[in-house]
Amino acid sequence: MTVNIVAFTPKYQSFIRAIRESVFIQEQAVPVELEFDGLDEGAMQVLVAADGQYVGTGRMLDDGHIGRIAILKEFRGLGLGAKVVQALVDEAARLGYPRVYLGAQTQALGFYAKLGFTPYGDEFMDAGIPHLSMEYTVKSEE
């Protein structure tokens, strides 16, 4: 299993899109226009490879907003989602970001809490799914 920081270039975008289409559009019924919001080209992307294929992804915008964490169904429960988030947090630390934040689906609050994220604000709906904002204070690499 490898975790790779990549750009949303032609070399990787079909893999990123396929994972997110499977998880968000097919499984969770997120509308295509909400899932692919035009922000991918400027975002830092993560791709996780396992068993000779890409099975997970996530992204971080340049303001520290983490999102689009997705692991293919047959590869869940192996800790890959945590590795995606940790890779993005580590990259944020390397770049000197003071904090990262995300909108967590309420069913995933425990997952992010275990990774050190704390909730703030009120619950909100995104693509018809309840979410809560969460943040993480990045420890700078010194």
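**Charges, shape and strands**

Visitor: How far apart are the mean positions of the positive and negative charges of the protein chain?

Guide: The 12 positive and 19 negative charges have mean positions 4 Å apart. Lys and Arg count as positive and Asp and Glu as negative, while His and the chain ends are not counted. Each charge is placed at NZ of Lys, CZ of Arg, CG of Asp or CD of Glu.

Visitor: What kind of model is this, and which rules apply to it?

Guide: This is a predicted model, where local features need pLDDT of at least 70 and side-chain atom pairs count only at pLDDT 80 or more, but totals for chains, interfaces and linings use all residues. Residues are numbered from 1 along each chain as its sequence is written, and side-chain values use heavy atoms, with hydrogens and water left out.

Visitor: How many helices and strands does the protein chain have?

Guide: The protein chain has four helices and seven strands, in the order β-α-α-β-β-β-α-β-α-β-β along the sequence. Helices are DSSP runs of H or I with at least four residues, strands are runs of E with at least two, and both are numbered from the N terminus.

Visitor: How does the radius of gyration of the protein chain stand against that of a compact globule?

Guide: The radius of gyration is taken over C-alpha atoms, and the globule rule is 2.2 Å times the number of residues to the power 0.38. For 142 residues a compact globule would come out near 14 Å, and the protein chain has 14 Å, so the two agree. The C-alpha trace spans about 35 × 35 × 30 Å along its principal axes.

Visitor: What share of the residues of the protein chain count as buried?

Guide: Buried means under 20% relative accessible area, exposed means over 50%, and partly exposed lies in between, using a 1.4 Å probe and protein chains only. By that test, 44% of the 142 residues count as buried.

Visitor: Why is strand β2 described as largely enclosed or largely open?

Guide: In β2 (residues 44-50), seven of the seven residues are buried, so the strand is largely enclosed by the rest of the structure. In a regular strand, side chains alternate between the two faces of the sheet. Here M44, V46, V48 and A50 point one way from β2, Q45, L47 and A49 point the other way, and all of them are buried.

Visitor: What makes A49 buried or exposed?

Guide: A49 has 17% relative accessibility and therefore counts as buried. Leaving out residues up to four places away in sequence, A49 touches M1, T2 and Y54; contact means heavy atoms within 4.5 Å.

Visitor: How many bridges join β2 to strand β1 and to strand β3?

Guide: Two strands pair if DSSP finds at least two bridges between them. Strand β1 (residues 2-6) is joined to β2 by five bridges, running antiparallel, and V6 has Q45 as its bridge partner there. Strand β3 (residues 53-60) is joined to β2 by seven bridges, also antiparallel, with V48 opposite G56.

Visitor: What makes D51 worth a remark?

Guide: Most residues other than glycine have a negative phi. D51 is not a glycine, yet its phi is positive, about 50°. D51 sits in the loop between β2 and β3, a hairpin with two residues between the strands. At 70% relative accessible area, D51 is exposed.

Visitor: Which other residue has a positive phi although it is not a glycine?

Guide: A29 has a positive phi of about 60°. A29 lies in the loop between α1 (10-27) and α2 (32-35), and with a relative accessible area of 57% A29 is exposed.

Visitor: Why is strand β6 described as lying in the open or enclosed?

Guide: Of the nine residues of β6 (residues 118-126), the number buried is zero, so the strand lies largely in the open. Strand β6 pairs with β7 (residues 129-137) in the antiparallel sense over six bridges, and F124 stands opposite H131.
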